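I opened the notebook for this one and wanted the overall picture first, then the sheet, then the ligand. My entries follow in the order I looked things up.

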Amino acid sequence: SSAETTYRRVMLKISGEALMGDQGFGLHPPTVQRIAHEVKTVHDMGVEICMVIGGGNIFRGLQGSAQGMERTTADYMGMLATVMNALAMQSALEALDIHTRVISAITMNEVAEPYIRRRAVRHLEKKRVCIFAAGTGNPYFTTDTAATLRANEMKCEAIFKGTKVDGVYDMDPAKHAEARRYDVVSYDDVLAKRLGVMDASAIALARDNNLPIIVFSLDEPGGFRGILAGKGTYTKVQG
Ligand code: UDP
């Protein structure tokens, strides 16, 4: 890999909402293309890239169940939403000449590869971007947990969680001018103070495997590449 970064293999987690632009719902192709470009700048460094994209821009199981749907069914709908987002990202990455595989935790062979760990590792070694879709394949989980699970299985060095803000704050920086960003924060503090980095099961799974989580802003052009090169502001969640 390039001299610019010490990372060899990383997981990029983004929410489904990161793909909806200002529309408030669904997919906004120019936004998908912009994020694909950010991924390309890191791919160009020689870093092996895993991705997990949420589904909240299309459907969330909890919302469905609050409106009377059976929870498991609603969660499967949420997982299917992540497959649509993964396909949109694959299309945008391939338009930039980056070989990409969508790997689904729910088998749907016409649309995506099934998840086979060794096969996914091989794709990464060949510098193909692997987008892990359909979450963990199980209801009652989230894509944050899926990202942590796959990052562990793929032996990623860190999870990069791209958000709207440049790290983790002690209070909501959109509401409080005095909010302060942590440079480093422990998994236990994230859990105890409910800092809302990722859900508790994802944080616990990262903690138990010593997998650092780096929270950074995806709105900053060149931000992802910069963070990998050790520049810019971010928060590192670690032990
Ligand atoms: N989901 C699930 N199991 C998983 C991952 C996701 O059931 O392993 C469902 C769940 O209903 C969730 C939806 O898929 O609400 C979309 O995922 P998520 O809420 O994590 O998306 P994000 O908030 O990151 O856009």
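**Overall size.** What radius of gyration does the protein have, and what would a compact globule with 239 residues have? I noted first that this is a predicted model. The protein comes out at 17 Å. A compact globule with 239 residues would be near 18 Å, so the two agree. I then took the extents of the C-alpha trace: about 50 × 50 × 35 Å along the principal axes. I counted secondary structure next and found eight helices and nine strands.

I checked UniProt for a domain. An unreviewed entry lists "domain: Aspartate/glutamate/uridylate kinase" at residues 9-217. Within that span I get 39% helix and 18% strand.

In what order do the strands of the open sheet run? I read S4-S3-S5-S2-S1-S6-S8-S9-S7, nine strands with mixed pairing. Strand S4 (113-114) and strand S7 (184-186) are the edges, as each pairs on one side only. Strand S1 (residues 9-14) runs parallel to strand S2 (residues 48-53), with six bridges between them. Arg9 has Glu48 in S2 as its bridge partner.

**Helices on the sheet.** I traced two helices that touch these strands. Helix H1 (residues 29-43) packs on the sheet and touches S1, S2 and strand S5 (129-133). The direction of H1 makes about 155° with that of S2. Helix H4 (residues 117-125) lies across S1, S2, strand S3 (100-104) and S5. H4 runs at about 145° to S5.

**Ligand shell.** Which residues come nearest to the ligand? Of 23 residues around the ligand, I list Gly54, Gly56, Gly61, Gly78 and Gly135 as nearest. Helix H2 (61-66), helix H3 (71-95) and helix H5 (143-153) each give two or more residues to the shell. H3 gives the most, with five. I sorted the shell by class: 13 polar, six nonpolar and four charged residues.

I placed Lys13 in strand S1.

The other set in the record is Gly55, Asp75, Thr136, Gly137, Asn138, Pro139, Tyr140, Phe141, Thr142 and Thr143. This set spans 89 residues in sequence, yet no two of its C-alpha atoms are more than 14.2 Å apart, so these positions gather at one spot. I found Gly137 in the loop between S5 and H5.

How values were computed: Residues numbered from 1 in each chain as written. Predicted model: local features only at pLDDT ≥ 70, side-chain atom pairs only at ≥ 80, totals over all residues. UniProt positions renumbered as here; feature names shortened; annotations may be inferred. Helix = DSSP H or I, 4+ residues; strand = E, 2+ residues; numbered from the N terminus. Pairing = 2+ DSSP bridges. Contact = placed C-beta atoms within 7 Å. Axes fitted to C-alpha atoms, helices over the stretch in contact; angles between N-to-C directions. Near = placed C-beta within 6 Å. Nonpolar A, V, L, I, M, F, W, Y, C, P; charged D, E, K, R; others polar. Rg over C-alpha atoms; globule rule 2.2 N^0.38 Å.
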